[in-house]
Amino acid sequence: MTKSILLVLLFSIISCSQKSKEQSVSLPKKVITKKEIIKPETKTDTTKTILEEAFTDSTQVGTKGKFKLTVNQFRTDDSTYVEINLFEKRNNKWITQQNLEYLKDGVTNCEPELNDFNNDGFNDLTFKSSVAARGANEIRKLLIFNPSKKEFVLMKNSDNYPNLQYNELLNCVDAWLVYGGSSTVFLKIEKDSLREFAGVSLDNDNREIYIIDKKGKRKTVKNEIVKNLEVYTRYKNYNPLTE
């Protein structure tokens, strides 16, 4: 009888020990969040900075292989901002050439994109700064790469023109503004700004084609009533009118 009890106890101990080992092996690994929390620089500084988005490229900026770009979106307790760093390779080392910071909304990701907006063979940078018209108007800051100065130049009023793109037909930049109707706006890059020189405005059954001179004076070229006008049309040209 005593031997039987001892055997049962021994079996139970071995069984528990095996279960304990099995459980320790099968415990799930700790999930690491994609957001990186950067600790405050000093003990008195209690602000937390969170890296929300990171972008790096060294093949599409400036001369291939000689420049590197990083675009990071950070969030603090009271703001969201984008930090842009441009590096140039010198003596096989990346040297900081430019550092820029811009505030943005706390709703969208910055989603950087590299495209040539002035047809000079060098890619320029855009990133989302905000959104409007329930997402129909994508607002981006546009920074043009200057190859002689080896730096980006911010187009100061680029936030005023949503849905920017390069217009190959007119060799310019155009924007598309969506509201109750829509407008296609044609723009020239001049120094650190975009200058509007023509546009097509659609509202209900009314279509207006206009031009703007260098002094900012607007002149209507054609104003017409068009039945069943599709007011959400983006144009490639204003003269002749081309969709």
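Two strands count as paired when DSSP finds at least two bridges between them. Keep that in mind for this tour of a predicted model.

**The whole chain**

Start with everything shown. The protein has 1 helix and 17 strands. Of its 243 residues, 37% are buried. The accessible surface comes to about 15,800 Å², and carbon and sulfur atoms account for 51% of that. Among contacts between residues at least 6 apart in sequence, 38% join residues at least 24 apart.

**Strands S11 and S12**

Select residues 172-178, which are strand S11. Look for aspartate 174, which stands opposite phenylalanine 186 in S12.

Is S11 mostly covered or mostly open? Mostly covered: 6 of its 7 residues are buried. Cysteine 172 counts as buried, because its relative accessibility is 3% and the limit is 20%.

**Back to strand S10**

Next select residues 165-167, strand S10. This strand is joined to S11 by 3 bridges and runs antiparallel to S11. Tyrosine 166 has valine 173 in S11 as its bridge partner. S10 and S11 also form a hairpin, here with 4 residues between the strands. In the turn, pick out asparagine 171, which has a positive phi of about 50°.

At the S15 end, select strand S14, residues 206-212. S14 and S15 run antiparallel and are joined by 7 bridges.

**The four-stranded sheet**

Move to another open sheet, of 4 strands in the order S6-S7-S8-S9, with antiparallel pairing. Strand S6 (113-115) and S9 stand at the edges; each has a single partner strand, so one side of each is left without a neighbour in the sheet. The twist here averages 40° from one strand to the next.

Zoom in on S6 and S7, which run antiparallel and are joined by 3 bridges. Leucine 114 stands opposite leucine 125 in S7.

**The largest nonpolar core**

Stay on leucine 125. Which residues does leucine 125 touch, leaving out those up to four places away in sequence? They are Leu69, Val71, Ile84, Pro112, Glu113, Leu114, Lys141, Leu142, Leu143 and Phe152.

Leu125 belongs to the largest nonpolar core, which has 17 residues. Leu69, Ile84, Leu125, Leu143 and Phe152 touch the most other members. To see where this core draws its residues, colour S3 (67-75), S4 (80-90), S5 (93-104), S7 (124-132), S8 (137-146) and S9 (151-154), the elements that give two or more residues each. Apart from this core lies another, of 13 residues, including Leu142, Tyr161, Leu187 and Leu194.

**Last stop: cysteines**

Select cysteine 110, which is buried, with a relative accessible area of 0%. How many disulfides does the model contain? The count comes to 0 disulfides.

Notes. Residues are numbered from 1 along each chain as its sequence is written. This is a predicted model: local features need pLDDT of at least 70, side-chain atom pairs count only at pLDDT 80 or more; totals for chains, interfaces and linings use all residues. Side-chain values use heavy atoms; hydrogens and water are left out. A disulfide is a pair of cysteine sulfur atoms within 2.5 Å. Buried means under 20% relative accessible area, exposed over 50%, partly exposed in between (1.4 Å probe, protein chains only). A nonpolar core is a set of buried Ala, Val, Leu, Ile, Met, Phe, Trp, Tyr and Cys residues joined through side-chain atoms within 4.5 Å. Contact means heavy atoms within 4.5 Å. Accessible areas come from the Shrake-Rupley method with a 1.4 Å probe; for residues, only the protein chains shown count as cover. Axes are lines fitted to C-alpha atoms, for helices over the stretch in contact, and angles run from 0 to 180 degrees between N-to-C directions.
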